[in-house]
Amino acid sequence: MERWQNRVAVISGASSGIGAACARLLVAAGLQVVALARRTDRLEQLRQSLPQEQQKLFHQRTCDISQESQVNGTFEWIERELGGIDVLINNAGIVLGGQLIDMPTQEIGNVLQTNLMGSIYCTKLAAGSMRRRQFPGHLFFVNSTAGLAGYKPDPADESLNAYTPSKFALTAVQEIFRQELIAQGSKIKTTSINPGWVATEIVPDETKEKLGDVILQADDVAQAVLYALSTPPHAQVEQITLRAVGEYF
């Protein structure tokens with residue numbers, strides 16, 4: 001991890017769950033972290049929870065990544081104040097209740113705008129920063145097993161509606177970015193992290209109760225990110241799929 005010391009890592013959806021876990025691990029590893037989220041108060045709580053010597057490496061910005069203008073303004077600030085983006089962790093995502101066949105189109109659009117377009121907005125700008133500076137950075141996509149071929153949930157489970165197609169699309173987006181960067185002769189890495197059920201705020205309490213201990217923790221996913229980031233420059237971990245022991249789908 002020596003080559004990442006004091007490098008700038010941007011994390012979307014950093015106010016809780018996987019994003020917050022990634023922020024804690026990366027500042028502890030010596031990176032500067034720019035934590036993005038809509039909930040300013042939660043970002044401040046996260047900063048205050050860090051050891052005093054790590055707080056200076058933590059930068060917080062209120063940003064709704066589903067709004068391209070907010071993403072543009074935030075990334076302009078990062079370029080101006082910190083010199084560019086070296087690592088991007090696309091983590092922000094939402095799940096709404098209901099079935100795709102019945103749910104309002106506006107809600108479907110909200111899921112796709114956050115889970116898919118938000119990641120595209122951030123990735124285009126981060127990759128542009130890396131390419132301008134000719135820096136071999138790393139682009140992460142926190143995806144889901146719901147976005148992988150062969151996904152077949154229990155019919156008794158509630159539908160994930162627009163969440164599943166948004167994650168399938170993110171799988172394709174990661175692969176397209178990987179191919180395009182190779183075609184341009186870039187050494188920028190891309191990695192898709194595909195966890196099963198994770199005990200975060202977007203998972204309903206009744207689902208957590210049903211799963212019991214057959215569920216991942218946010219730190220498990222953050223450790224997978226850290227592993228892929230720590231690989232040598234010539235090695236690329238394209239995908240990591242992780243489930244709790246005993247999780248079937």
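Reply: Happy to! One thing to keep in mind is that this is a predicted model. Let's begin with the cysteines. A search of the whole structure finds zero disulfides. Cys22 is in none, and its nearest cysteine sulfur, that of Cys122, is 14 Å away. Cys63 is in no disulfide either; there the nearest cysteine sulfur, again that of Cys122, is 6.3 Å away. Cys22 is buried, with a relative accessible area of 2%, and Cys63 is buried too, at 3%.

Now for the helix. Helix α8 covers residues 218-229, twelve in total. From first C-alpha to last, α8 reaches 17 Å, close to the expected 16 Å. Its buried residues are Ala218, Val221, Ala222, Ala224, Val225, Leu226, Ala228 and Leu229. What covers them includes helix α1 (17-28) and the strands β4 (87-90), β5 (138-142), β6 (189-195) and β7 (239-242).

That brings us to the largest nonpolar core, which has 41 residues; Leu26 and Ile89 touch the most other members. Elements giving two or more residues to this core are β1 (8-11), α1, β2 (32-37), α2 (40-49), β4, β5, α8 and β7. Of these, α8 gives the most, with eight residues.

Setting aside neighbours within four places in sequence, Ile89 is in contact with Val10, Ile11, Ser12, Cys22, Leu26, Phe140, Val142 and Val225.

How values were computed. Residues numbered from 1 in each chain as written. Predicted model: local features only at pLDDT ≥ 70, side-chain atom pairs only at ≥ 80, totals over all residues. Heavy atoms only, no water. Helix = DSSP H or I, 4+ residues; strand = E, 2+ residues; numbered from the N terminus. Expected span 1.5 Å × (residues − 1). Buried < 20%, exposed > 50% of the residue type's maximum accessible area, 1.4 Å probe, protein only. Contact = heavy atoms within 4.5 Å. Disulfide = S-S within 2.5 Å. Core = buried A, V, L, I, M, F, W, Y, C linked by side-chain atoms within 4.5 Å.
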